[in-house]
Amino acid sequence: MIGITIKIEGMQCGMCEAHLNDAVRGAFPVKKVTSSHGKGRMVILTEQDINEEKLKSVIENTGYQAVAVDKAPYEKKGIFSALRK
């Protein structure tokens, strides 16, 4: 699983978050996508890597600006995660 964090400029409210989340869900096979206008970022969880330029294009086509993209392996953390090892 891959965690992708995108710094986004231009989000002002919850509707902005929903608009971006819907655009990303429609364009890519993601497991989870959440946005925060207060933090100015979007977090995507996916099993397949997503092309950074295509991701930025989808975001910018909705009227927002993708400033930075950070990708890192993601491992679910929880009370039982230590038992799986």
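Trainee: How do E1 and E4 pair, and over how many bridges?
Mentor: Keep in mind that this is a predicted model. To read a pairing, look at the sense of the two strands and count the bridges. E1 and E4 pair in the antiparallel sense, over eight bridges. Now pick out residues that face each other. Ile 6 stands opposite Val 69 in E4. Ile 4 stands opposite Lys 71 in E4.

Trainee: What stands opposite Ile 4 in E3?
Mentor: In E3, the residue opposite Ile 4 is Ile 44. E1 and E3 are also antiparallel, with six bridges between them.

Trainee: How many residues does the largest nonpolar core have?
Mentor: To read a core, find its members, then see which elements supply them. The largest nonpolar core here has 20 residues. Ile 6, Ile 44 and Leu 55 have the most contacts inside it. At least two residues each come from strand E1 (2-9), helix H1 (14-27), strand E3 (41-46), helix H2 (52-61) and strand E4 (65-73). E1 gives the largest share, four residues.

Trainee: Which residues is Ile 6 in contact with?
Mentor: Skip the neighbours within four places in sequence. Beyond those, the contacts of Ile 6 include Met 42, Ile 44, Leu 55, Ile 59, Ala 66 and Val 69.

Trainee: Is Met 11 buried or exposed?
Mentor: Compare its relative accessibility with the cut-off. Buried means under 20%. Met 11 has 7%, so Met 11 counts as buried. Met 11 is found in the loop between E1 and H1.

Trainee: What does Met 11 touch?
Mentor: Again, leave out residues up to four places away in sequence. Among the residues that Met 11 touches are Cys 16, Leu 20, Ser 35, His 37, Arg 41 and Tyr 64. Met 11 and Gly 38 are 27 residues apart along the chain, and their C-alpha atoms are separated by 8.2 Å.

Trainee: How many salt bridges does a search of the whole structure find?
Mentor: Start from the general idea. Side chains of opposite charge can pair when their charged atoms come close. The search finds four salt bridges. One of them joins the side chains of Arg 25 and Asp 22, at 3.2 Å from N to O. These two are three residues apart in helix H1, so about one helical turn separates them. Arg 25 is partly exposed, at 44% relative accessibility.

Trainee: Which residue forms a salt bridge with Lys 31?
Mentor: Glu 47 does, with the closest N and O atoms 3.6 Å apart. This pair links distant parts of the chain, 16 residues apart. Lys 31 sits in the loop between H1 and strand E2 (32-36), and Glu 47 in the loop between E3 and H2. Lys 31 is exposed, at 56%. Glu 47 is exposed as well, at 55%.

Trainee: What about Lys 56 and Glu 52?
Mentor: Their side chains meet in a salt bridge, at 3.7 Å from N to O. Both lie in helix H2, four residues apart, about one turn of the helix. Lys 56 counts as buried, at 19% relative accessibility. Glu 52 is partly exposed, at 30%.

Trainee: Which residues does UniProt give for the feature "domain: HMA"?
Mentor: The UniProt record, an unreviewed entry, places that feature at residues 2-67. Over residues 2-67 the chain is 36% helix and 33% strand. The end C-alpha atoms of that stretch are 19 Å apart.

How values were computed
Residues are numbered from 1 along each chain as its sequence is written. This is a predicted model: local features need pLDDT of at least 70, side-chain atom pairs count only at pLDDT 80 or more; totals for chains, interfaces and linings use all residues. Side-chain values use heavy atoms; hydrogens and water are left out. A nonpolar core is a set of buried Ala, Val, Leu, Ile, Met, Phe, Trp, Tyr and Cys residues joined through side-chain atoms within 4.5 Å. Buried means under 20% relative accessible area, exposed over 50%, partly exposed in between (1.4 Å probe, protein chains only). Contact means heavy atoms within 4.5 Å. UniProt positions are given in the numbering used here, feature names are shortened, and annotations may be inferred rather than shown by experiment. Two strands pair if DSSP finds at least two bridges between them.
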